[in-house]
Amino acid sequence: MSNDDLGVMQKIVSLCKRRGFLFQSSEIYGGMNGCWDYGPLGVELKRNVKEAWWADMVTHHDDISTPEGASEAFEMTGLDCSILMHPQVWKCSGHHDLFHDMMVDCKESKRRYRHDQVRGRWALRGDDRIFVTAVCEPDEEHEVLTARAQKYFGLRAKDRDQISWDGVVVSLESVSDFSEVFGPDAKEPGTLTEPREFNLMFKTHMGALLDEASVAYLRPETAQGIFVNFKNVVDSSRVRIPFGIAQIGKSFRNEITPRNFTFRVREFEQMEVEFFCHPDSSHHWYGYWRDRRMKWYQELGLSGDNLILREHDADELSHYSTGTADIEYAFPFLPKGEFGELEGIAHRGDFDLRSHMEGKLNPASRPLEVELGEDGKPVHRGSGKDLSYRDPVTNEKYIPHVIEPSAGADRAALAFLCEAYTEDMAPDENGKMQGRVVLKFHPRIAPIKAAVFPLVKKDGMPECAQEIYRDLKRDLPVFYDNKGAVGRRYRRMDEAGTPYCLTIDGQTLEDGTVTLRERDSMEQTRLPVDEAAQAIREAVRS
Ligand code: GAP
């Protein structure tokens with residue numbers, strides 16, 4: 001899919017609702033911003049993405065051979081940690097003090113915006129000059145800013161040509177005097193406050209008392225559950241460094257402006273690996289994971305120019321990171337040439353284990369002062385537990401370094417959806433060429449793997465088709481459809497991204513062969529039913 005046509009995103013969003021991939025959360029009550037529900041097809045798609053990740057990272061990982069690009073064999077294991085964790089975890093991880101976005105409030109409209117997402121342009125009329133602002137999609141920016149300037153100058157639509165512009169559209173971050181700013185929803189200029197920090201963690205209370213002592217947070221990342229269990233895993237299993245611990249689970253961030261469908265949401269799922277290694281080999285493992293993770297997306301269908309690997313500049317690095325690369329995708333809601341993050345691969349050094357152990361933030365990643373409480377002790381006190389590792393062969397004791405490939409399951413599912421969306425032409429049942437919408441998912445992540453159709457509802461065909469359906473259903477998600485012309489049934493399955501359709505006709509009853517129709521090429525092949533089933537199973541495993 002090319003992102004030349006920004007309208008394509010609207011088509012994908014509408015297909016997702018129409019075919020049951022995604023619904024707005026609590027839609028009947030007007031919706032809940034930043035939250036989405038996966039429908040019958042969407043839940044299968046996202047489960048397949050997570051299962052492909054877990055299988056490739058953990059279950060099918062070969063612990064005894066050296067993978068291509070790696071210097072030695074290593075083990076991979078998993079965890080499933082609680083969402084609510086001890087508040088001290090977030091102090092030592094840095095999230096309590098550093099996990100924030102800058103926001104501005106509008107004193108008049110009472111709206112809150114992310115500072116970097118308010119964009120605007122200097123508008124002029126005679127001697128009057130104002131910085132008009134908006135928070136909207138890039139393709140709407142010119143229209144919205146012109147309407148705001150028109151409102152500020154009190155002009156009618158037909159007098160818009162009295163407005164002239166100074167410079168291009170820039171972020172509010174480049175403006176220092178807010179008295180000259182006309183807020184995105186304000187009636188007067190100068191209503192925006194100075195930028196302030198806004199912590200992104202969702203706060204709640206544990207137990208019956210709603211006081212400071214009962215404050216808890218919904219985890220903003222799954223990673224910390226892995227770090228605080230590092231010792232438990234080493235002591236309870238026979239893993240030896242280097243090894244990785246994987247986790248898939250929900251994370252929560254109180255994003256100021258959730259946007260772009262499921263790209264930036266407040267409740268989402270992460271798929272994270274923390275890979276523990278010796279400090280001396282950490283750069284090797286960083287390169288290994290960066291390349292392996294890029295290949296994973298390519299093998300599942302995100303290839304070509306839509307996918308890039310981007311190394312961060314030093315000033316972009318998180319507070320803990322000494323090196324990070326992002327895997328980014330050209331989502332169609334972004335302007336041409338821009339990419340959105342799917343996954344970050346970070347070299348986290350020993351920051352997390354050391355912080356949970358000693359209770360101070362690692363000065364090697366960013367100099368930070370240790371905050372002291374009323375008792376004079378560090379507020380960021382660690383667990384006091386020894387989280388270092390002793391190598392059973394060399395007897396060397398050290399704090400392992402960590403490489404973290406951290407992916408979002410919702411963003412990956414969205415990228416696979418966008419990449420799969422295709423409009424092409426196909427003959428209808430009368431041989432006339434008609435437009436068709438097809439989701440060209442890799443068979444591994446397609447929600448339904450095959451559909452079974454009896455050609456007509458008589459002559460024993462439904463019975464035969466149902467038997468084939470039940471047999472396939474034992475190990476594959478299969479759909480049975482006997483309604484309407486076969487051509488229309490194919491099209492319904494194309495829109496759902498189903499890679500294969502099996503049609504049962506009179507000949508099936510005589511010689512046991514079926515017509516196997518392939519979604520992308522639309523090629524139809526006559527095969528014995530066992531061979532058709534085998535072809536589907538092999539494609540799903542590939
Ligand atoms: N443990 C490191 C970490 O959490 P991150 O870059 O903040 O790093 C990792 O998040 C991934 O989680 C991102 O690459 C993205 O895929 C996903 N993610 C983060 N915030 C998200 C949000 N608000 N909505 C959807 N996905 C999000």
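A: By class, the shell around the ligand has ten charged, seven nonpolar and three polar residues, where Ala, Val, Leu, Ile, Met, Phe, Trp, Tyr, Cys and Pro count as nonpolar, Asp, Glu, Lys and Arg as charged, and the others, Gly among them, as polar. The model is a predicted one, in which local features need pLDDT of at least 70 and side-chain atom pairs count only at pLDDT 80 or more, while totals for chains, interfaces and linings use all residues. Residues are numbered from 1 along each chain as its sequence is written, and side-chain values use heavy atoms, with hydrogens and water left out.

The ligand is surrounded by 20 residues, a residue being near a molecule if one of its heavy atoms lies within 4 Å of it; the closest are Glu221, Arg253, Val265, Glu272 and Glu341. Glutamate 272 places a polar side-chain atom 2.5 Å from a nitrogen atom of the ligand, and glutamate 341 has a polar side-chain atom 2.5 Å from an oxygen atom of the ligand. An N or O atom in the side chain of arginine 348 is 3.5 Å from a nitrogen atom of the ligand. Of the 560 Å² of accessible area that the ligand has on its own, the protein covers 90%, with areas taken from the Shrake-Rupley method with a 1.4 Å probe, and with only the protein chains shown counting as cover for residues. Two or more residues of the shell come from each of strand E14 (267-277), strand E17 (340-349) and strand E20 (401-408); helices (H or I, at least four residues) and strands (E, at least two) are DSSP runs numbered from the N terminus.

Glutamate 404 is located in strand E20, and its side chain makes a polar contact of 2.6 Å with the side chain of arginine 348. Such a contact is a pair of N or O atoms within 3.5 Å; within protein, one must be able to donate a hydrogen and the other to accept it, and residues adjacent in sequence count only if both atoms are side-chain atoms. Glutamate 404 is classed as buried because its relative accessible area is 3%, buried meaning under 20%, exposed over 50% and partly exposed in between (1.4 Å probe, protein chains only). Alanine 330, in the loop between strand E16 (323-329) and E17, is also buried, with a relative accessible area of 6%. Alanine 330 and glutamate 341 are eleven residues apart along the chain, and their C-alpha atoms are separated by 9.1 Å.

Asparagine 260 lies in the loop between E13 and E14, and its phi is near 60°, a positive value in a residue other than glycine. Asparagine 260 counts as buried because its relative accessibility is 15%.
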